[in-house]
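Take a look at the model below.

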Amino acid sequence: MICVAGAVNLLVQSHPINSALSLIVVMASLAVEYLLLGAEFVAAVQVIVYAGAIMVLFVITIMLLNAGKEERSKGSRVAILLGVPGAAIGGVLVAWTLLHRANAETVAIGALPGDPKAIARLLFHDFLLPFEVTSVLILIAIMGAVVLASRPEAIARPHPSTPALEETRELVAPGKER
Amino acid sequence: MVPLSCYLMLSGILFVCGVLGFLIKRNIITIFMSIEVMLNGVNLSFVAFAAHWHSLSGQVFVFFVMVVAAAEAAVGLAIIIAVYRTRETLNVDQVNLLKL
């Protein structure tokens, strides 16, 4: 499917912006999958949050840091000798289990009554406490992002006793004169 | 009617792609994108199981996973910007000291 192709392309591409574009393909095809499963609310949130917000954040960061091509590094021989057969064995085991156990368990297309009304009732009645906790979490994340991404001089308070911070005050001072 | 195992297979493939990218890639931004791919694979299995058991709780869980992913992306990209500002590189092989 398109989704797997996008995910594999993300691995193959060496330039980050190409990886980001293929990640958008993965997100969009997953949104289509959710629509097929009948989860319209999750599909809409997927498009808005992932393809809209998070990918814009990624692309802006790539452009801000003007990331170039990454250089490939050689893996160790032990990793290749042990890792490739191990991964193959694991994949075969998982595929065998899935194919063996999957007899008649099918999911009808559009099986779930995933309308936003029922989800909102569930979200604001049964899951009210987790919802509030996530709102606090995202508030903390916003503050953390602002603190981390701002320049160190902007955070450091000018203190008269330390000589290292004198430069900081001089840097801040022209802004104050205006 | 699509068998449930197809969705689970797709979700597993996505997760493995994320793990592979996390292990192979050397660019810190691409590593972050592979984490997002892993979270998406888990979300797909949540929605598939929710549709299978006719329960809406799985979709609410997907909502929470998305919130956590958004917070993680915001904080992580801020950390990436801070790392790039001090080290002038995005290669994780060269970021091997916590303090310069």
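**A walk through the helices**

In this predicted model, helix H1 (residues 4-24) of chain B gives the most to a nonpolar patch, with 7 residues.

Now move along chain B. Two packed helices are described by the angle between their axes and the distance between the axes. The axes of H2(B) and helix H3 (residues 57-87) of chain B come within 9 Å and cross at roughly 175°. Angles over 145 degrees count as roughly antiparallel, so H2(B) is roughly antiparallel to H3(B). On the H2(B) side, the residues that meet H3(B) include B:Ile28, B:Phe32, B:Leu39 and B:Phe46. Among their partners in H3(B) are B:Phe61, B:Val65, B:Ala69 and B:Ile80. By class, this contact of H2(B) with H3(B) holds 15 nonpolar, 4 polar and 2 charged residues.

Next, cross to the other chain. Helix H3 (residues 40-64) of chain A and helix H2 (residues 28-53) of chain B have axes that come within 12 Å. These axes cross at roughly 175°, which means that H3(A) is roughly antiparallel to H2(B). H3(A) makes the contact with A:Val42, A:Gln46, A:Tyr50, A:Ile54, A:Phe58, A:Thr61 and A:Ile62. H2(B) brings residues including B:Ile29, B:Met33, B:Asn40 and B:Val47. The contact of H3(A) with H2(B) divides into 10 nonpolar, 4 polar and 1 charged residues.

Which residues of H2(B) turn up in both contacts? B:Phe32 and B:Leu39 are among them.

How values were computed: Residues numbered from 1 in each chain as written. Chains lettered and ligands numbered in written order. Predicted model: local features only at pLDDT ≥ 70, side-chain atom pairs only at ≥ 80, totals over all residues. Heavy atoms only, no water. Axes fitted to C-alpha atoms, helices over the stretch in contact; angles between N-to-C directions. Helix = DSSP H or I, 4+ residues; strand = E, 2+ residues; numbered from the N terminus. Parallel < 35°, antiparallel > 145°, perpendicular 65-115°, else oblique. Contact = heavy atoms within 4.5 Å. Nonpolar A, V, L, I, M, F, W, Y, C, P; charged D, E, K, R; others polar.
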